[in-house]
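Hi,

Here is the structure I promised to pass on. Have a look at it first, and then read my notes below.

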Amino acid sequence: MTTIMTTIKIRAPKIFSEKQKTLLNFINKYNPILMVEGFTGRKLKKNIIFRHKPLKMEARFRGHAIYADFNNNVKYLWTCICHELAHILLRNPPWYKNKQIKEIIRKDKEIGSGDGQTFKDAIEQALAILLQAACESRANIRKLKWSEWETTFDYMRVEELGRKFWRSWLKYLKNNSRYKNIDQWILYEVKKL
């Protein structure tokens, strides 16, 4: 049996060539794809293209392309990959297509941040931050402590969900082999909301 490993291909202007090399070394040491796949039990089916875009302190994704500003430091760029990769993996296939999850979201669709963010979007954003936190902990960037992550959840307008998921997430990380994949854990958590 042949295993095909997905990769991250970096596309940035020449001015960032040294940063690209440093980032590739960091990716080789702490592979975000392997980490997020391990945490979710899901597999990435396509390569990721990581591109420079002057977004300042923001990152975005479209399809299997991730965009971030290469004027930021390497660890920040790496965390952008982890966070956006979490969204990509959670949507392929979409975590919210599970019948039970879909019904809970439909029933509670009015719950959101009040600024246009849907309940489904808020849950996914909280999940992406949780996955980013697990990656950052593994790469010794930031510890898995609520006090280290509360402001991130707040900034992303999902502090309440983050607080509700946090303790269960730590337990999930200690024994995620209990679950076929993260979807089972998500179902368990959204039933409690």
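Tyr172 is buried, with a relative accessible area of 3%, and Trp169 is buried too, at 0% (buried means under 20% relative accessible area, exposed over 50%, partly exposed in between, with a 1.4 Å probe and protein chains only). Before you go further: this is a predicted model, where local features need pLDDT of at least 70 and side-chain atom pairs count only at pLDDT 80 or more, while totals for chains, interfaces and linings use all residues. Residues are numbered from 1 along each chain as its sequence is written, and side-chain values use heavy atoms, leaving out hydrogens and water.

Back to the rings. A search of the whole structure gives 13 aromatic pairs (rings of Phe, Tyr and Trp, the last by its six-membered ring, pair if their centres lie within 6.5 Å; planes under 30 degrees apart count as stacked, over 60 as edge-to-face and the rest as tilted). One of them is Phe165 with Trp185, edge-to-face at 5.8 Å centre to centre and 65 degrees between the planes. Phe165 belongs to helix 7 (residues 159–174) and Trp185 to helix 8 (residues 182–192), so this pair ties together parts that are 20 residues apart in sequence. (Helices are DSSP runs of H or I with at least four residues, strands are runs of E with at least two, and both are numbered from the N terminus.) Both Phe165 and Trp185 are buried. Trp169 and Tyr172 have ring centres 5.1 Å apart and planes at 20 degrees, so they are stacked. They sit 3 residues apart in helix 7, about one helical turn. Ring pairs link Phe165, Trp169, Tyr172, Tyr179 and Trp185 into a cluster.

Strand 2 (residues 48–52) and strand 4 (residues 65–68) run parallel and are joined by 4 bridges; Ile49 stands opposite Ala65 in strand 4.

Lastly, helix 5 (residues 119–138): its 20 residues reach 29 Å from first C-alpha to last, close to the 28 Å expected (1.5 Å times one less than the number of residues). Of those 20 residues, 16 are buried. Just after helix 5, Asn140 takes a positive phi of about 60 degrees.

Cheers

Terms used
Two strands pair if DSSP finds at least two bridges between them.
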